[in-house]
Amino acid sequence: MSDKFDVIVIGAGPGGYVAAIRAAQLGLKTACVEKWVDDKGGAVLGGTCLNVGCIPSKALLESTHQFHNAQHADVHGIQVSGDVTMDVKAMVARKDKIVGNLTMGVAGLFKANGVTLLQGAGKLHGGKKVEVTAADGTSNTYDAENVILASGSIPVEIPPAPLTEGLILDNEGALNINETPKRLGVIGAGVIGLEMGSVWARLGTEVTVLEAMDDFLPAADKDVAKEAAKIFKKQKLDIKVGARCTGTEIIDGKEVKVKYTDAKGDQEIVVDKLIVAVGRKPQTQGLLADDSGVSLDERGFIFVNEQCQTGVPGVYAIGDSVRGPMLAHKASEEGIMVADIVAGHHAQINYDVIPSIIYTHPELAWVGKTEQELKAEGVKIKVGKFPFAANGRAMAANDTDGFVKLIACEETDRVLGVHIVGGIASELIGQAAIAMEFCSSAEDLQMTVFAHPTVSEAIHEAALAADGHAIHMANRKKR
Ligand code: FAD
Ligand code: AMP
């Protein structure tokens, strides 16, 4: 094998593996370097997303949602004889199987597209040379015309709660809890904290979430955050805002005392497991040799421009290791954009239209700007809101919590943001993203024919409501 590639990608997460496949599809001789190995020394492909992130968390959320529905099947007239029980080990094994299938699928896609897998830790040297050091310490160096850094992110650890086998866990440990804890503590009411808290609350665990900030979900539209807080309270997720974890103590090797401060002073709770979900940071340790020429920004992210170019021509960086939201779809789209640019095509990403989703139940999803952001910018807006309680299909599904909130510009009618709390908000938000990508006006959505009965009709009605014309809600605009 010649040691020179058109493209070497470092990292096989959803940023890196997608970039490698696209580059190979475009006829470029491509290699992908991955350092993660399993117990048998095999490469683990798919990164955080497939192995310890998006996919396994959604598998557990789906299983526990089905469990909740089975427990409440009587609303449909279904009688279940005896108690509905959950075999947690079987649930975790199912999750592992899904992860295994998907990661094997990536290996298959590499093969099918002719991507060379280089197993080991990649390090970028000057002159676009990539040194790959295998687990046994042997190393090889390869030349590349182009290098794409896609090294992803790792969980942030905090001194007051050092990870402790089986008791104080990060997201990886949290996905492998294999019996229902009686009491669970979660530090951080962000996406991961809320999703993991929901999984166990549905199985009957007493869940307490400590959030240092006074505001709940500050990145979300305030209406979404308020509605979500109300619903989570009903679900017995005890979310304490303004509560900063200050220390932990292991009691008799089987419980965790969690100390925190809030407005009332020093407090503590005792839990059986504690999940630390305080955010993630870019993974760049050992990635860049001193002569690589690539610089990091003040927060430790690899510094790139809008096209994901670093300061070194032919060296790009994508995904969680660069600025922007830490989301798998953002990483993948950056991978595609960079592969296209390397192949000589024009490519760009519309960073204004990247959907964000929290997969609790109901789900929280949004795209574009919040009402608060737009008002702070002085944009004149009109807002249409439609509750799922007035949507026939949501009623039929017994899933009526939440609403669609659509914000459009008062002057141009252009849709500027859509914010959803709802059972299938993650699926609905794609419709809003398409509309916004096509620069849709509220009127465009009003004039679109939505099938009946569908939950999507709530988007139609929210667009109508922006002009005071929703049909299934009293909302006539005063003129
Ligand atoms: P990663 O997925 O982190 O992959 C980076 C890869 O690079 C890893 O395999 C790593 O081993 C490898 N690597 C690093 N350094 C080197 C090196 N020097 N040499 C060789 N290989 C190297 N996002 C969503 O969009 N939706 C969700 O529902 C969602 N849920 C999540 C749930 C959890 C619990 C977590 C933790 C994250 C979740 N995310 C979600 C975030 C998502 O997983 C990340 O945004 C995404 O994985 C980033 O992709 P990436 O390719 O940039 O990095
Ligand atoms: P995210 O980055 O979305 O996963 O959210 C992580 C959350 O953890 C943020 O809202 C932080 O405010 C919160 N957080 C960070 N440190 C602490 C701490 N010591 N105690 C409680 N919450 C914290």
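Which backbone atom lies 3.4 Å from an oxygen atom of ligand 1? A backbone N or O atom of Ser-153 does. Keep in mind that this is a predicted model.

Let me stay with the ligand. Thr-48 places a polar side-chain atom 2.7 Å from one oxygen atom of ligand 1. In Asp-320, a side-chain N or O atom sits 2.8 Å from an oxygen atom of the ligand. Now the cover. Taken alone, ligand 1 exposes 1000 Å², and the protein buries 95% of that.

Who supplies the shell? Strand 2 (30–34), helix 2 (47–52), helix 3 (54–71), strand 4 (121–125) and helix 8 (328–342) each give two or more residues. Helix 2 gives the most, with 4 residues. There are 39 residues around ligand 1, and Glu-34, Thr-48, Lys-58, Gly-122 and Ala-328 come nearest. By class, the shell holds 17 nonpolar, 17 polar and 5 charged residues.

Then the neighbours. Strand 20 (residues 381–387) runs antiparallel to strand 21, joined by 7 bridges. Phe-386 has Val-404 as its bridge partner. Strand 22 (residues 415–422) is also antiparallel to strand 21, with 6 bridges. There, Phe-403 stands opposite Val-421. The hairpin of strands 21 and 22 has 5 residues between the strands, and Asp-413 takes a positive phi near 75°.

Methods: Residues numbered from 1 in each chain as written. Chains lettered and ligands numbered in written order. Predicted model: local features only at pLDDT ≥ 70, side-chain atom pairs only at ≥ 80, totals over all residues. Heavy atoms only, no water. Near = heavy atom within 4 Å. Polar contact = N/O pair within 3.5 Å; in protein donor to acceptor, adjacent residues only side chain to side chain. Areas by Shrake-Rupley, 256 points an atom, 1.4 Å probe, with all protein chains shown as cover. Nonpolar A, V, L, I, M, F, W, Y, C, P; charged D, E, K, R; others polar. Pairing = 2+ DSSP bridges.
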